[in-house]
Amino acid sequence: MTDGVLGAAFDAIGFDLDGVVYRGPVTVPGAPEAINDLRRRGVRLAYVTNNAQRAPRLIAEQLIGFGIDCDADDIVTSAQATAHLMSEELPGGVEVLIVGSPALADEIAAVGLRPTFERSAATAAILVGFDPALTWDDLNEGCYAVQAGAKFYACNDDLTRPTDKGIAVGTGAILLAMRQPLGVAPTMGGKPARPLLDETRRRLGAQRPLFVGDRLDTDIEGASKADWASLFVLSGAHGLAELLCAPPEQRPDYLAADVAGLLEPARVAVAVKDGWRCGQALAQEASNMTVTITGPQDTTSQQLDAWWAVANLVWERADKGFTVDLQGLGQPPSNIQLGQ
């Protein structure tokens, strides 16, 4: 592995933003420094977001304000990916009702479609993206258009958004409300659907890409669908309980506390007799079907080694039909019971 660090083993790295690089108006500690270090090593970088509200230029300005060396061309949004997808599936110049922000409308115009914020008889498709200014009337107009025959698209279906104040409502919650009267799901451009990471790979010209995310159901599953390696970081929406319960398509290749883990050796778990080992941590299944963990857990790195060993053991058992009881799950890991 080049330089002995995880990030240098890949020719390109894509970063989710919310919960990975920043949380609301503040950075994840150490993220700007780690990202700039990777750029100096020659790794191609992209900042990939399911949030369709803001223009790439504004996102780049925010990242630059955090001390990250980037420009607007390094930003890949679900708005861009979905607009590109729609341009391939719809006739040029058709009317698209925007249920989202002005920045989303700009991306639709950029691919030769005609955005509007008012439904008409000519509306051929609708596109839903996150915007805190959306109203119930906006959602209803989108529903009426779909009922009249318009094609239904959405930028992403994240149910929640991590912020500095806590976990907030995401686009997926909006789509749940719209699906009640419609009874159909939209065609999706953002993660976990492939278009967003396919667009990112094209821009980067990547052969061995790694995606860094904080959500298993969008970032990690999206990476799996698009044939990217994945790093799950614990700085955002999902945590260790979700990791242990992850179905096969949502299991990451690597685990780290945050983006700074890209500058450390990869955390590797190895199957051993009756369990899994990572570093000095050993996770085994006891005779009463309880997961036991041995090895030092004095540092964050050692605790993550233990979690990674436990995760691989639990996944192996889950694939054989066992269930996982996380009642009383602790930090360091404890009280993990397997059942059938």
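Modeller: What follows is a chat about strands, helices and one surface patch in a predicted model.

Biologist: How do you know that strand 1 and strand 4 pair?

Modeller: Two strands count as paired if DSSP finds at least two bridges between them. Strand 1 (residues 12-15) and strand 4 (residues 44-49) have four bridges, in the parallel sense, so they pass that cut-off. If you want a spot to look at, Phe15 stands opposite Tyr47 in strand 4.

Biologist: Which sheet are they in, and what is its strand order?

Modeller: They sit in an open sheet of six strands, with the order 5-4-1-13-14-15 and parallel pairing.

Biologist: What makes strand 5 and strand 15 edge strands?

Modeller: Strand 5 (75-77) and strand 15 (254-256) each pair on one side only, and that's what makes them the edges. While you're looking at this sheet, its neighbouring strands are turned by 25° against each other on average, direction ignored.

Biologist: Which strands does helix 3 lie across, and which does helix 7 lie across?

Modeller: Helix 3 (residues 78-89) lies across strand 4 and strand 5, at about 60° to strand 5. Helix 7 (residues 195-204) lies across strand 1, strand 4, strand 5 and strand 13 (209-213), and runs at about 155° to strand 4.

Biologist: Now strand 16 and strand 17: parallel or antiparallel?

Modeller: Antiparallel: strand 16 (residues 269-272) and strand 17 (residues 275-278) pair over four bridges. Ala269 stands opposite Cys278 in strand 17. Their hairpin has two residues between the strands, and Asp274 takes a positive phi near 65° there.

Biologist: And how does strand 17 pair with strand 18?

Modeller: Strand 17 and strand 18 (residues 281-285) pair in the antiparallel sense over four bridges. Gly275 has Gln284 in strand 18 as its bridge partner. In this hairpin, with two residues between the strands, Gly279 takes a positive phi near 60°.

Biologist: What holds paired strands together in general?

Modeller: Strands of a sheet pair through backbone hydrogen bonds, either parallel or antiparallel.

Biologist: Why is Val270 called partly exposed?

Modeller: Buried means under 20% relative accessible area and exposed means over 50%. Val270 has 46% relative accessibility, so it counts as partly exposed. You'll find Val270 in strand 16.

Biologist: Which residues make the nonpolar surface patch?

Modeller: Val268, Val270 and Val272 make it, and the patch is about 220 Å². Patch residues need over 30% relative accessible area, and Val270 at 46% clears that cut-off.

Note on methods
Residues are numbered from 1 along each chain as its sequence is written. This is a predicted model: local features need pLDDT of at least 70, side-chain atom pairs count only at pLDDT 80 or more; totals for chains, interfaces and linings use all residues. Side-chain values use heavy atoms; hydrogens and water are left out. Axes are lines fitted to C-alpha atoms, for helices over the stretch in contact, and angles run from 0 to 180 degrees between N-to-C directions. Contact means heavy atoms within 4.5 Å. Patches are made of residues with over 30% relative accessible area and no salt bridge: like charges are joined within 9 Å, nonpolar side chains (Val, Leu, Ile, Met, Phe, Trp, Tyr) within 5 Å. Accessible areas come from the Shrake-Rupley method with a 1.4 Å probe; for residues, only the protein chains shown count as cover. A salt bridge is a side-chain nitrogen of Lys or Arg within 4 Å of a carboxyl oxygen of Asp or Glu. Buried means under 20% relative accessible area, exposed over 50%, partly exposed in between (1.4 Å probe, protein chains only).
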